[in-house]
Amino acid sequence: MSRSNNADHFFQTSDSLATTERKAAKANNKRGNPVKLPSKILAAIEDQNSGGTAVYVAQAAGEVKRTSQVKKVFSPGIAPLTCLAICRKSQTLFAGCWDKHIYSINVGRGGSRQRLSGHTDFVKCLITTSLNGKSILVSGGADASIIVWDVQTGKQLHKLKGHTKSLQDLAIDPLSLPEGASEPQDSFTLFTASSDREIRRWHISLNSAYELPESIDSPILAHETSVYSLRFDTEGDLWTASADKTAQHLVRSRGWEADTVLQHPDFVRDVVVAEDLGVVVTACRDEEVRVWDVASGDLVCTYAGHFEEVTGLVLLGRSAVSVSIDGTVRKWGLGKQDFAQYKELLQQEHTDEDKDAPTKKGESMLSAEEEAELAELMDD
C-alpha cells in the first residue's frame with residue numbers, strides 16, 4: 001500500500017493510485033480534437049441532417065446533446081440515458097433511459113414531447129424504420145423483452161420475448177428489404193443481440209411478430225458471452241462486438257460462421273465498417289479505438305486518446321466518431337494519410353517528452369560523468 005496524507009488517496013491500493021494518476025495525465029491530450037461534455041457519454045448516433053458534421057449523444061446526466069457547437073437538445077430526467085434513435089420521416093428523436101421509459105422530442109419542429117412506457121427494466125437499445133409507410137420504433141430492454149411501437153400514436157404493436165437476459169443491440173436484415181429499397185414494405189427480419197450471447201431473428205410486420213423457426217432451433221452462437229453490437233455490411237453478412245474480447249465477421253452463406261476474428265485485450269463495445277475505405281473500426285473497454293483492414297484482418301492503426309472506456313462509434317464520411325465514459329467526443333480519420341499523420345503526432349509527442357524529461361522535478365541536469373565528478377568532490 002502507498003502512504004499519503006492526501007485524503008483522496010485513503011483506502012486505495014498502489015495500482016488504483018497509479019491508474020488514477022495515469023488517467024489524469026492522459027486527460028489533457030488533444031488527440032481526436034476532443035469535445036468535452038460534463039458527464040459520461042453512453043451512446044451516440046449521427047445527426048443525419050447535419051451533412052456529416054454532428055452527432056447526438058446520450059449522457060449519464062440524463063441529457064441529450066448535439067455536438068456541433070455543443071447544444072442541449074432535451075433533458076427528459078435525472079436518470080442516465082442509454083441509447084438513441086431517430087425517425088427521419090417525423091424527425092422524432094428517441095432516448096432510452098434507466099428509469100424504464102423511452103422519451104422523445106420532435107427535433108424538426110421543437111416541442112412535441114412524449115413518454116413511452118412498457119419495459120420493466122432499463123431500456124438498452126432502440127431502432128426506427130417503417131412498415132407500409134407507418135413509422136415504427138423497436139426497443140430492447142434489460143427485462144429481455146422487445147417492443148414494437150407505433151411512432152405516431154405511441155401505442156405498442158407487439159411485445160416479444162425469447163432471450164433470457166438483457167437485450168444489447170438491434171439490427172434490421174438488409175436482405176429482408178425489397179431489392180434496392182432502404183426501408184421495409186410489408187415486413188422485415190430483425191436481428192437481436194443479448195447478454196445471453198445468443199443472436200436471434202424475428203419476423204416483424206404490422207399485424208404479426210414472431211421468432212423465426214430456425215432461430216428458435218438454432219440461435220447464432222458465435223461468441224462466448226454478451227454480444228454488444230450488430231452491424232450488417234452490404235453483402236448481408238454481420239459484424240459483431242462482444243465481451244469475449246473479440247469482434248467477428250459472420251458469413252451468412254456459411255451458416256454465420258466467423259471468417260475473421262479480431263482479438264482485443266478487453267471487452268469490445270462497438271464495431272462499425274467503412275467498406276468504401278476497406279476498414280472496420282472497433283471500440284474497446286481498454287480506452288482505445290482500433291482500425292483494422294477488412295480483407296486481411298490486420299491491425300492498421302490504434303487511436304489512443306480516451307482515458308476511460310469507449311462506449312460507442314459513429315461513421316461520419318471518412319471518419320469515425322468515438323464517445324466515452326470520459327465525457328469526450330473524438331473524431332478519427334480512416335484514410336492512409338490520417339494514419340500517417342497520427343503516427344507523426346505520436347513521434348512528435350515522444351520527442352517533446354524527451355526534451356522535457358531532464359527538467360522534471362527530482363531529475364538531474366548532469367551527465368553520468370558529471371554526476372561521478374560531483375560525487376568525488378563531495379567526498380573530498
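Which residue in β15 is the bridge partner of Ala171? Before selecting anything, note that this is a predicted model, in which local features need pLDDT of at least 70 and side-chain atom pairs count only at pLDDT 80 or more, while totals for chains, interfaces and linings use all residues. Residues are numbered from 1 along each chain as its sequence is written, and side-chain values use heavy atoms, with hydrogens and water left out.

**Stop 1: β14 and β15**

Select strand β14 (residues 167-172) together with strand β15 (residues 187-194); helices (H or I, at least four residues) and strands (E, at least two) are DSSP runs, numbered from the N terminus. The two strands run antiparallel and are joined by five bridges, where two strands are said to pair if DSSP finds at least two bridges between them. The bridge partner of Ala171 in β15 is Phe191, which settles the opening question. Strands of a sheet pair through backbone hydrogen bonds, either parallel or antiparallel.

β14 is mostly covered, with six of its six residues buried; buried means under 20% relative accessible area, exposed over 50%, and partly exposed in between, with a 1.4 Å probe and protein chains only. Now pick Leu170, which lies in β14 and counts as buried because its relative accessibility is 5%. Leaving aside residues up to four places away in sequence, Leu170 touches Cys125, Leu126, Ile127, Val138, Ser139, Gly140, Leu190, Phe191 and Thr192, a contact being heavy atoms within 4.5 Å. One distance to draw is that from Leu170 to Ile127, which are 43 residues apart in sequence and 6.6 Å apart in space, C-alpha to C-alpha.

**Stop 2: the second largest pocket**

Next, show Ser90, Thr92, Asn106, Val151 and Gln152, which lie nearest the centre of the second largest pocket, among the 15 residues that line it. On a 1 Å grid over the protein atoms alone, a pocket is an open set of points, where a 1.4 Å probe fits, with protein on both sides within 12 Å along at least five of seven lines, and lining residues have an atom within 4 Å of a point. About 260 Å³ of space lies in this pocket, the volume being the space filled by probe spheres set on grid points that are joined across faces, edges and corners.

The elements that give two or more residues to this lining are β8 (101-106), β9 (113-117) and β11 (134-141), and β8 gives the most, with three residues. Colouring the lining by class gives two nonpolar, nine polar and four charged residues, where Ala, Val, Leu, Ile, Met, Phe, Trp, Tyr, Cys and Pro count as nonpolar, Asp, Glu, Lys and Arg as charged, and the others, Gly among them, as polar.

**Stop 3: two loop residues with positive phi**

Move to Gln91, in the loop between β6 (81-87) and β7 (92-97), which has a positive phi of about 60 degrees although it is not a glycine. Gln91 is buried, with a relative accessible area of 18%. Then select Asn132, in the loop between β10 (123-131) and β11, where phi is near 50 degrees, again a positive value in a residue other than glycine. Asn132 is partly exposed, at 48% relative accessible area.

**Stop 4: an open sheet**

Select four strands in the order β1-β28-β27-β26, which form an open sheet with antiparallel pairing. Its edge strands, β1 (35-36) and β26 (310-316), each pair on one side only. Within the sheet, β27 pairs with β28 (residues 328-333) over five bridges, and Val321 has Lys331 as its bridge partner in β28. Ser319 belongs to β27 (residues 319-324) and is buried at 14% relative accessibility. Beyond residues up to four places away in sequence, Ser319 touches Val314, Lys331, Trp332, Gly333 and Leu334.

**Stop 5: aromatic rings**

Finally, display the aromatic side chains, among which the structure holds eight pairs; rings of Phe, Tyr and Trp (its six-membered ring) pair if their centres lie within 6.5 Å, and planes under 30 degrees apart count as stacked, over 60 as edge-to-face and the rest as tilted. Tyr228 and Phe267 have ring centres 6.3 Å apart and planes at 45 degrees, so this pair is tilted. Tyr228 is buried at 15% relative accessibility, whereas Phe267 is partly exposed at 24%. The rings of Tyr303 and Phe339 also form a tilted pair, because their planes are at 50 degrees, with centres 6.4 Å apart. Tyr303 lies in strand β25 (residues 299-304) and Phe339 in helix α3 (residues 336-356), so the pair ties together parts that are 36 residues apart in sequence.
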